[in-house]
Every structure is written in structure tokens, then in C-alpha cells.
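Subject: Structure handover and findings

Dear colleague,

I am passing on the structure that we discussed, together with some notes on what turned up in it. Please look through the model first and then read on.

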Amino acid sequence: MKNKLNISAVVLALFGFVAVQTTVAQATNTSPAQEALKGMRPFIGNWTGESDAFGGFEGLEEGGKIHWAIRFRWLRNKAAVEFTSQVKYKNTGKRFNTGSQIMSLDAATGKLRTIGYGYDGDVYFSSTGSMEIEGKSITLIINEVTINKTKSKYTVKFTKETPKIFSLQVTDTFVDGKKQKDLKIKLHRITKSAGPTQSAV
């Protein structure tokens, strides 16, 4: 009887030790970058929506409806997030905007930043910016320049409204110093049951 009790005690002790070691290992495996970006978790996935086409940026034209396909995905070890967008005119399928942003922690400053590139219509642009995550919102302040040296500065805010809906707002937009209209649209999460999705590029 004593042997049985002793073996049971040893087995239980080993299980307890393994559980503690696993918990400690998981806690210590979280990097500063992962911790800084943990607020991105609710946005990871594919999203879609529609809005009116808007102008203001070089290469963009107002008029008609546009279809948005957006994706947030983790990059290696969840140390960064890639945000991609593919926006097309609904009737013609012609490109309105495509772009990609990499969101990461800057080791030098300890602050979040973003760097990106893409096309507004046929006009190539690149961008850099700062980033903040607060509650259910992500705010990017973007500085953008086109291949033709047109300079833009604007604020993009993503706000999670429900598990399957978030709003995208573009405000405080200045293109070569000229104030542009604000924009707000709602995007819906694409689920596997919704069928094939458009890939964001």
C-alpha cells in the first residue's frame, strides 16, 4: 500500500512540475515585440467592405463604388504584423488601391512603427509612420510620398466594434499641404463558411 501511495505521489509531483515548467516557459517565451503587438490579436484575419470611391490622393479618382479586401496576419514568431489591402472598382475590377504595411516594434526607441508601399491607381508610393494601440483601437500616423514626389500626411484609425466588424477611419489628411475629406467605412470579418475570399496583395 505504501509503495502504491508513494508511486502515485511521485507521478502527481512530476505532472505538477511539468505543468509549472510549461507555464514558466510560455511566460518567458513572450518577446517585447509580441507583448507590444498583443492588441492586434482581434484584427488578425480577412475583412471585406464597400464604400464610395474617393479622391484627394495622387492617382485616385472619385466616382463609383469600390470593394475592399483587407488582411492582418502575423509574421515570424508574432514579432510583427503585415497589413495588406486590395481595393478595386466594383463594376470594372480595376485597381483603386493596393498596399502593404509592416507593423513592428522599433528596438531603438521602444515604440511601434509602420513602413509600407503600394499603388494608388497607377501611382507608386512608399510610407513610414508611427503607431499606437489603445483599447480596441489602432492609430497610425502616416507620412507618404509618391514616385512623383507628392507628399501626404494622414491618420488611419482601426476600431473594433464587434467581433466581426471594425471601422476604418482616415482623418487629418493633407496632400501637399491641402486638407482632404475624411473617410470612414465598416469592414466585416470573412469566415471560412463564407466561401472563397479575395486575396489581399
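What share of the residues of the protein chain count as buried? Of its 201 residues, 36% do, where buried means under 20% relative accessible area with a 1.4 Å probe, protein chains only. Please keep in mind that this is a predicted model, in which local features need pLDDT of at least 70 and side-chain atom pairs count only at pLDDT 80 or more, while totals for chains, interfaces and linings use all residues. Residues are numbered from 1 along each chain as its sequence is written, and side-chain values use heavy atoms, with hydrogens and water left out.

The protein chain contains two helices and eleven strands, taken as DSSP runs (H or I, at least four residues, for helices; E, at least two, for strands) and numbered from the N terminus. Along the sequence, the pattern reads α-α-β-β-β-β-β-β-β-β-β-β-β.

The volume of the largest cavity is about 400 Å³, counted as the space filled by probe spheres set on the points, which are joined across faces, edges and corners. Among the 24 residues that line the largest cavity, F83, S85, N97, Y154 and V156 are the closest to its centre. Strand β4 gives the largest share of this lining, five residues, and the lining divides into 17 nonpolar, five polar and two charged residues (Ala, Val, Leu, Ile, Met, Phe, Trp, Tyr, Cys and Pro count as nonpolar, Asp, Glu, Lys and Arg as charged, and the others, Gly among them, as polar).

One residue may deserve a look of its own. T114 lies in strand β5 and is buried, with a relative accessible area of 2%. Its side chain makes a polar contact with the side chain of Q101 at 2.4 Å (a pair of N or O atoms within 3.5 Å, where within protein one must be able to donate a hydrogen and the other to accept it, and residues adjacent in sequence count only if both atoms are side-chain atoms). The side chain of T114 also reaches the backbone oxygen of I102 at 3.4 Å.

Best regards

Note on methods
Buried means under 20% relative accessible area, exposed over 50%, partly exposed in between (1.4 Å probe, protein chains only). On a 1 Å grid over the protein atoms alone, a cavity is a set of points where a 1.4 Å probe fits but cannot get out, and a pocket is an open set with protein on both sides within 12 Å along at least five of seven lines; lining residues have an atom within 4 Å of a point.
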